[in-house]
Amino acid sequence: MRDEIRRSMPLFPIGIVTKLTELTPRQIRYYEQQELIKPARTDGNQRLFSFNDVDTLLQIKSWMEKGINIAGVKEMLQQSQQELKVVQQEERTKQEMSEKELRRMLKRQLIHPERPGRTHLTHGELSRFFRH
DNA sequence: CTTCTTACA
DNA sequence: TGTAAGCA
């Protein structure tokens with residue numbers, strides 16, 4: 001999730017994006033007008049694109065080169081976004097499951113008698129992992 | 001100099 | 001989509 005923050009951070013002006021994507025400013029602005037992308041703006045109303053925006057533009061470019069029109073690209077983007085949401089939700093679920101397993105393991109160490117001569121975690125160190 | 005909007009081809 | 005005008 002932290003990566004998403006970086007990827008959505010407004011970073012470069014349109015001049016950089018034109019070089020990154022080989023698209024003309026005209027095309028990029030038009031795609032924005034068609035709501036295919038939604039770049040941020042500076043206080044001076046200048047567009048600032050994120051890595052996600054650039055990726056989307058490259059995606060749009062490849063689709064356009066394959067003869068897909070704006071309407072078609074719009075649908076493709078909707079699908080991609082929904083699929084991404086599904087994947088992200090799955091990742092959250094997996095992470096939650098891992099945390100539960102970790103809690104179970106730590107709890108067993110807490111409950112079971114400490115075996116002498118073996119390194120173990122103390123209650124104080126573990127307490128923060130459990131609900132109070 | 002770069003970018004923005006609007007308008008016309 | 002390209003290009004020009006007039007701003008910021």
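Biologist: At what angle do the axes of H2 and H4 cross?

Modeller: Roughly 45°, with the axes coming within 10 Å. Bear in mind that this is a predicted model. H4 covers residues 51-65. The angle makes H2 oblique to H4.

Biologist: Which hand does the crossing of H2 and H4 have?

Modeller: H2 passes H4 in a right-handed crossing. On the H2 side, the contact uses Val17, Leu20 and Thr21. H4 brings Val54, Leu57, Leu58 and Lys61.

Biologist: How do the residues of that contact of H2 with H4 divide by class?

Modeller: 5 are nonpolar, 1 is polar and 1 is charged.

Biologist: Now H4 and H5. What's the angle between those axes?

Modeller: Roughly 135°, and the axes come within 10 Å. H5 is the helix at residues 70-111. H4 and H5 are therefore oblique to each other. H4 passes H5 in a right-handed crossing.

Biologist: Which residues of H4 and H5 meet?

Modeller: From H4, Thr56, Ile60, Trp63 and Met64. From H5, Val73, Met76 and Leu77. By class, that contact has 6 nonpolar residues, 1 polar and no charged.

Biologist: Which helix gives the most to the surface near DNA strand C?

Modeller: H3, residues 25-33, with 3 residues. By class, the surface near DNA strand C has 2 nonpolar, 2 polar and 1 charged.

Biologist: Last topic, annotation. Where does UniProt place the HTH merR-type domain?

Modeller: The record, an unreviewed entry, lists "domain: HTH merR-type" at residues 11-79. In the model, that span is 61% helix and 6% strand. The C-alpha atoms at its ends lie 26 Å apart.

Biologist: Where does the record put the coiled-coil region?

Modeller: At residues 70-97, again according to an unreviewed UniProt entry. In the model, residues 70-97 are 100% helix and 0% strand.

Biologist: How far apart are the end C-alpha atoms of residues 70-97?

Modeller: They lie 41 Å apart. For reference, H5 runs over residues 70-111.

Note on methods
Residues numbered from 1 in each chain as written. Chains lettered and ligands numbered in written order. Predicted model: local features only at pLDDT ≥ 70, side-chain atom pairs only at ≥ 80, totals over all residues. Helix = DSSP H or I, 4+ residues; strand = E, 2+ residues; numbered from the N terminus. Nonpolar A, V, L, I, M, F, W, Y, C, P; charged D, E, K, R; others polar. UniProt positions renumbered as here; feature names shortened; annotations may be inferred. Axes fitted to C-alpha atoms, helices over the stretch in contact; angles between N-to-C directions. Parallel < 35°, antiparallel > 145°, perpendicular 65-115°, else oblique. Left-handed = near helix turned anticlockwise from the far one by under 90°. Contact = placed C-beta atoms within 7 Å.
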